[in-house]
Amino acid sequence: MKTINEDIKTKNFKPLYLIYGEEGKLRDDTARKIEAAAISGDGLKDSFEGDFDPADLINTANTLSLFGGLRFISVKDSGAFSGLKKYEGLIEYFKNPNPDCVIVFNEKKVDKRSRVYKAFVKTGYGLECKKPNSKEIRAYIQKEAKAEGLKFDGDAFDFFISNLEDDFSSAENEFQKLLAYTMDKGRVTLEDTEEITTKKLENRIFDLVDAVGWKQPGKALDILSNLILMKEPPVAVLISIARQFRMILQYKFLSKSMPRDEAAKRMGAHPFVVSKVARQAGSFTNRQLLAALKDCRDLLRQSFSGNMDITRGIEIIIYKYTV
């Protein structure tokens with residue numbers, strides 16, 4: 001990104017850019033930044049989206065601008081670097097690209113073994129946009145909140161962050177929802193985040209296990225029913241329940257010899273998540289947790305062999321540990 005920012009600042013653009021990776025918002029934002037800088041003034045823009053004929057792109061790239069400015073070409077989601085033989089026609093152009101034309105390829109996936117990619121990297125600049133980690137998502141939301149003058153109360157920020165997916169696009173969507181919901185207040189309470197935030201599967205499983213621990217079978221079954229209605233795969237729900245029981249058991253052992261923050265580091269979990277695990281730890285004995293893990297493992301095996309409907313099996317586990 002530093003290289004691209006420098007190119008934009010100096011207006012000294014490379015003729016070929018490839019922006020690729022799973023993080024779509026970062027790809028799109030970066031491509032737009034290059035475009036805005038490259039076609040300011042007398043620049044011309046052309047676009048190709050999806051499947052295209054390499055000859056058309058090359059002809060466009062080699063056509064001089066009547067106004068003397070740069071020609072900018074946006075190519076998005078084309079599969080040009082996927083290894084398809086039809087795109088090998090780009091290889092000759094990549095060897096000697098028109099310096100008065102800037103082409104930006106915006107692709108989710110590339111095959112680095114393909115001839116097209118190997119030819120590109122000899123003359124072009126590539127930027128991989130990876131999925132952000134939780135620290136980057138956290139920093140992004142803090143920056144957005146500061147820009148909007150929005151402040152979070154108490155645990156509201158941690159709760160909000162714990163429900164975000166690991167991509168900037170969904171994080172932005174959830175933040176915009178929260179911003180609109182709290183527009184007149186300038187502050188966000190925990191109740192606001194609980195009301196407006198779309199919960200991740202992990203946190204809905206927290207609620208389900210909470211209900212099991214508090215001996216509330218009706219509530220636990222309602223949560224399970226909602227998860228199934230929301231098209232969550234039953235096997236993913238079962239695996240998540242088992243993971244939650246495992247985290248509780250792990251915390252119970254670690255908390256005997258270390259403080260909660262240290263336990264969180266050892267578990268590789270956010271302190272806010274571990275605080276919720278700590279609360280659940282008092283609802284289960286070690287024996288119950290070990291038995292529940294065995295039940296989850298057995299159910300998974302039985303469902304794969306066709307001997308048990310997995311949703312029905314989860315219901316049985318809920319009844320077993322709540323009644």
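Helix axes are here lines fitted to C-alpha atoms over the stretch in contact, and the angles between N-to-C directions run from 0 to 180 degrees. Helices (H or I, at least four residues) and strands (E, at least two) are DSSP runs numbered from the N terminus. The model is predicted, and local features need pLDDT of at least 70, side-chain atom pairs count only at pLDDT 80 or more, and totals for chains, interfaces and linings use all residues. Residues are numbered from 1 along each chain as its sequence is written, and side-chain values use heavy atoms, with hydrogens and water left out.

## Helix packing

Two packed helices are described by the angle between their axes and the distance between the axes. Helix α10 (residues 201-213) packs against helix α16 (residues 310-322) at an angle of about 40°, and the axes are 8 Å apart. This geometry makes α10 oblique to α16; under 35 degrees would count as roughly parallel, over 145 as roughly antiparallel, 65 to 115 as roughly perpendicular, and the rest is oblique. Leu208, Ala211 and Val212 of α10 make the contact with Ile318, Tyr321 and Thr322 of α16, where contact means heavy atoms within 4.5 Å. By class, five of these residues are nonpolar, one is polar and none is charged. In this scheme Ala, Val, Leu, Ile, Met, Phe, Trp, Tyr, Cys and Pro are nonpolar, Asp, Glu, Lys and Arg are charged, and the others, Gly among them, are polar.

## Aromatic pairs

Rings of Phe, Tyr and Trp (its six-membered ring) pair if their centres lie within 6.5 Å, and planes under 30 degrees apart count as stacked, over 60 as edge-to-face and the rest as tilted. By this rule there are 13 aromatic pairs. In one of them, the ring centres of Phe81 and Phe105 are 5.1 Å apart and the planes stand at 90°, so the pair is edge-to-face. Phe81 belongs to the loop between β3 (71-76) and α4 (90-95) and Phe105 to strand β4 (residues 101-107), so the pair ties together parts that are 24 residues apart in sequence. Phe81 is buried at 1% relative accessibility, and Phe105 is buried at 0%; buried means under 20% relative accessible area, exposed over 50% and partly exposed in between (1.4 Å probe, protein chains only).

Phe94 and Phe120 also form an edge-to-face pair, with 5.6 Å centre to centre and 80° between the planes. Phe94 lies in helix α4 and Phe120 in helix α5 (residues 115-120), so this pair ties together parts that are 26 residues apart in sequence. Both Phe94 and Phe120 are buried. Phe81, Phe94, Phe105 and Phe120 form one aromatic cluster.

## Lysines over rings

A charge sits over a ring if NZ of Lys or CZ of Arg is within 6 Å of the ring centre and within 35 degrees of the ring normal.

| Lysine | Ring | Distance from ring centre |
|---|---|---|
| Lys14 | Tyr125 | 5.8 Å |
| Lys86 | Tyr87 | 5.1 Å |

## Backbone and a buried serine

Lys215 has a positive phi, near 60°, in a residue other than glycine. Lys215 is placed in the loop between α10 and α11 (217-229) and is partly exposed, with a relative accessible area of 43%. Phi of Lys231 is likewise positive, near 70°. Lys231 is in the loop between α11 and α12 (234-254) and is exposed at 71% relative accessibility.

Ser303 lies in helix α15 (residues 286-304) and is buried, with a relative accessible area of 19%. Residues up to four places away in sequence aside, Ser303 touches Met308 and Ile310.
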